[in-house]
Amino acid sequence: MTTVHIENTVRDFDAWKTNFDKYERFRAEQGVQSYRVSRSVTEPNEVLIDLEFCDETAAQAFLPKLEQIMNSPQARTQLTRHSAPQLYAVVTERVPSATG
């Protein structure tokens, strides 16, 4: 599994999240298997996004599409900062069972 990790600072988290949610179908069509959105406890407009893909090839194929989204006029009005996406290979993952 490969993770595309993105770090953004947004102007308004709620407005950004509403727009992010509109891309649900797009993410699925592009091979995103799961994702996590986190925000800083102390700086609530700092957002981390981790998109999970089955492999590096799928993650790499997504990057040009992500770049198009990040360069759209709507994204530019919502983002005050964004870093280049980073790819990470998942080495270990532990998901606790429902019983603990």
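The points below take the basis of the model, then the rings, then the cavity.

1. The model is predicted: local features need pLDDT of at least 70, side-chain atom pairs count only at pLDDT 80 or more, and totals for chains, interfaces and linings use all residues. Residues are numbered from 1 along each chain as its sequence is written, and side-chain values use heavy atoms, with hydrogens and water left out.

2. Rings of Phe, Tyr and Trp (its six-membered ring) are paired if their centres lie within 6.5 Å; planes under 30 degrees apart are called stacked, over 60 edge-to-face, and the rest tilted. Six aromatic pairs are counted under this rule. One of them joins phenylalanine 13 to tryptophan 16, a tilted pair at 5.8 Å centre to centre with 40 degrees between the planes. The two residues are three apart in helix H1 (residues 13–21), so about one helical turn separates phenylalanine 13 from tryptophan 16. Helices here are DSSP runs (H or I, at least four residues) and strands likewise (E, at least two), numbered from the N terminus.

3. Tyrosine 23 and phenylalanine 26 also pair, here edge-to-face, at 6.0 Å centre to centre and 80 degrees between the planes. Tyrosine 23 is partly exposed at 27% relative accessible area, and phenylalanine 26 is partly exposed at 24%. By contrast, phenylalanine 13 and tryptophan 16 are both buried. Buried means under 20% relative accessible area, exposed over 50%, and partly exposed in between (1.4 Å probe, protein chains only).

4. Phe13, Trp16, Phe20 and Tyr35 are linked by ring pairs into a cluster. Two arginines lie over rings of this cluster: arginine 39 over the face of phenylalanine 13, at 3.8 Å from the ring centre, and arginine 27 over the face of tyrosine 35, at 4.6 Å. The criterion is NZ of Lys or CZ of Arg within 6 Å of the ring centre and within 35 degrees of the ring normal.

5. One cavity of 30 Å³ or more is found in the whole structure, and the largest cavity holds about 280 Å³. Among the 19 residues lining the largest cavity, Trp16, Phe20, Leu66, Ile69 and Met70 are the closest to its centre. A cavity is a set of points, on a 1 Å grid over the protein atoms alone, where a 1.4 Å probe fits but cannot get out; lining residues have an atom within 4 Å of a point. Points are joined across faces, edges and corners, and volume is the space filled by probe spheres set on them.

6. Helix H3 supplies the largest share of that lining, four residues.

Note on methods
On a 1 Å grid over the protein atoms alone, a cavity is a set of points where a 1.4 Å probe fits but cannot get out, and a pocket is an open set with protein on both sides within 12 Å along at least five of seven lines; lining residues have an atom within 4 Å of a point.
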